[in-house]
Amino acid sequence: MKKLDRFRGCLLAGAAGDALGYAVEFIPLNTIRTRYGPGGIRAYDLREGLALISDDTQMTLFTANGLLLGEQTGDYAGSIHRCYLDWLLTQRARGEVTEGKVSWLNGVPALNHPRAPGNTCLAALESGKAGSVRQPINNSKGCGGVMRVAPAGLYFEDPARAASIAAEAAALTHGHPLGWLPAALLGAAVSLAAYTDLPLDEVIRESEAVLQRLWPELPELSQLLELTERAVSLAENGLPDIDAIRQLGQGWVGDEALAIAVFCALRYPEDLEGALIASVNHSGDSDSTGSIAGNLLGARLGLSALPAAFREHLEASDTILQAADDLFAGPAGLSAQRKALSKQKI
């Protein structure tokens with residue numbers, strides 16, 4: 001499989017899971033089933049003909065932009081933070097095109113909409129301060145750190161490097177170790193899924209080993225790994241999806257969101273559609289769990305595994321694919337982004 005197909009699959013499947021789950025975020029499962037049928041939501045709930053993305057995909061794209069800027073500055077976390085500050089501007093725009101200070105994405109009208117942005121992300125960015133792994137900005141372990149860092153796994157072939165940069169990107173706004181450690185694990189897992197042909201269960205185990213080498217003395221790491229291993233085990237038994245997911249949590253915090261996504265990806269390792277549907281049909285943070293599951297399995301299976309029904313009507317799909325192509329191009333991708341910006345303004 002071509003690597004570019006995996007890059008595109010990671011970002012577009014992540015956006016698909018986000019859009020599928022965004023329609024039912026905050027809605028209890030029994031209400032989801034009443035509204036969409038006993039199987040829950042299984043297709044996009046379109047709004048004016050579009051499957052709307054949430055802040056999860058928005059911030060993922062700004063992470064991708066920040067990585068490319070970081071290649072120029074040598075400061076990946078600082079560049080990602082600058083792009084997040086540009087994203088903050090889009091949340092106040094309400095459809096009006098905003099000029100970003102560094103990011104071309106502010107010139108994309110579809111991204112200039114507030115889509116249930118997380119309070120922790122907003123508060124941290126509005127403070128003007130940038131947190132880090134060593135100097136936390138707060139004590140939040142919400143899932144807003146992990147849901148946006150998949151591009152780090154695509155950009156860095158070395159899973160340890162991907163984990164480190166993903167951790168710092170999450171720690172910009174989420175200071176508790178369980179706010180950035182899940183991001184590190186996702187970064188490593190996406191890297192291994194995109195750059196190797198390891199089976200997905202081995203991708204998870206190797207990613208866990210990467211974190212154990214990077215942060216061996218961190219007490220919270222054992223809590224994350226215990227929950228992730230529970231997800232691996234549940235994927236192998238016969239429990240119905242929703243019963244297994246209930247044992248992992250609701251996804252509002254980082255380790256639970258990642259565990260639910262890992263479970264769904266491993267339960268449906270060759271079925272991207274099945275994984276996305278399972279990942280959003282619960283009473284918790286459906287768009288984030290859908291986004292992470294899509295990132296992980298999309299990086300493994302590629303864009304060709306995403307059914308056409310999940311590619312059609314997806315908001316900002318051209319921009320999402322452009323971001324994937326730019327990450328694949330590496331440093332040259334920043335020039336491509338600037339060209340894309342000029343086209344958006346025509």
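This is a predicted model: local features need pLDDT of at least 70, side-chain atom pairs count only at pLDDT 80 or more; totals for chains, interfaces and linings use all residues.
Author: Residues are numbered from 1 along each chain as its sequence is written, and side-chain values use heavy atoms, with hydrogens and water left out.

Reader: Why is threonine 60 called buried?

Author: Buried means under 20% relative accessible area, exposed means over 50%, and partly exposed is in between (with a 1.4 Å probe, protein chains only). Threonine 60 has 6% relative accessibility, so the residue counts as buried.

Reader: Where is threonine 60 found, and what is in contact with threonine 60?

Author: Threonine 60 is in helix H3, residues 55-73. Helices here are DSSP runs (H or I, at least four residues), as strands are (E, at least two), and they are numbered from the N terminus. Contact means heavy atoms within 4.5 Å. Apart from neighbours within four places in sequence, threonine 60 is in contact with Leu11, Met147, Arg148 and Pro151.

Reader: How do you know that the side chain of threonine 60 has a polar atom close enough to the backbone oxygen of aspartate 56 for a polar contact?

Author: A polar contact is a pair of N or O atoms within 3.5 Å; within protein, one must be able to donate a hydrogen and the other to accept it, and residues adjacent in sequence count only if both atoms are side-chain atoms. Here the separation is 2.8 Å, and that value is within 3.5 Å.

Reader: What makes aspartate 5 buried?

Author: Its relative accessibility is 19%, so aspartate 5 counts as buried. This residue is in helix H1. A polar contact of 3.2 Å joins its side chain to that of serine 304. Beyond neighbours within four places in sequence, aspartate 5 is in contact with Leu301, Gly302, Leu303 and Ser304.

Reader: Why are H1 and H14 called roughly antiparallel?

Author: Axes are lines fitted to C-alpha atoms, for helices over the stretch in contact, and angles run from 0 to 180 degrees between N-to-C directions. Angles under 35 degrees count as roughly parallel, over 145 as roughly antiparallel, 65 to 115 as roughly perpendicular, and the rest as oblique. Helix H1 (residues 3-22) and helix H14 (residues 286-301) pack at about 160°, with axes 6 Å apart; H1 and H14 are therefore roughly antiparallel. Residues making this contact include Asp5, Gly9 and Gly17 of H1 and Gly290, Gly294 and Gly298 of H14.

Reader: And what makes H1 and H13 oblique?

Author: H1 and helix H13 (residues 272-280) pack at about 40°, with their axes 9 Å apart. That angle belongs to "the rest" in the scheme, so H1 and H13 are oblique to each other. H1 passes H13 in a right-handed crossing, a label given when the near helix is turned clockwise from the far one by less than a right angle, anticlockwise being left-handed. Among the residues in this contact are Ala13 and Leu20 of H1 and Leu272 and Val280 of H13.

Reader: Why is phenylalanine 26 called exposed, and why is alanine 116 called partly exposed?

Author: Phenylalanine 26 has 56% relative accessibility, so it counts as exposed. Alanine 116 has 34%, so that residue counts as partly exposed. Phenylalanine 26 lies in the loop between H1 and helix H2 (29-36), and has a positive phi of about 75° although it is not a glycine. Alanine 116 is in the loop between H4 and helix H5 (119-126), with a positive phi of about 55° although it is not a glycine.

Reader: What makes a nonpolar core, and which residues touch the most other members of the largest one?

Author: A nonpolar core is a set of buried Ala, Val, Leu, Ile, Met, Phe, Trp, Tyr and Cys residues joined through side-chain atoms within 4.5 Å. The largest here has 117 residues, among which Leu211, Phe263 and Leu306 touch the most other members. Helix H8 (residues 177-195) gives the largest share of this core, 13 residues. Leaving out neighbours within four places in sequence, leucine 211 is in contact with residues including Ala163, Leu181 and Leu224.
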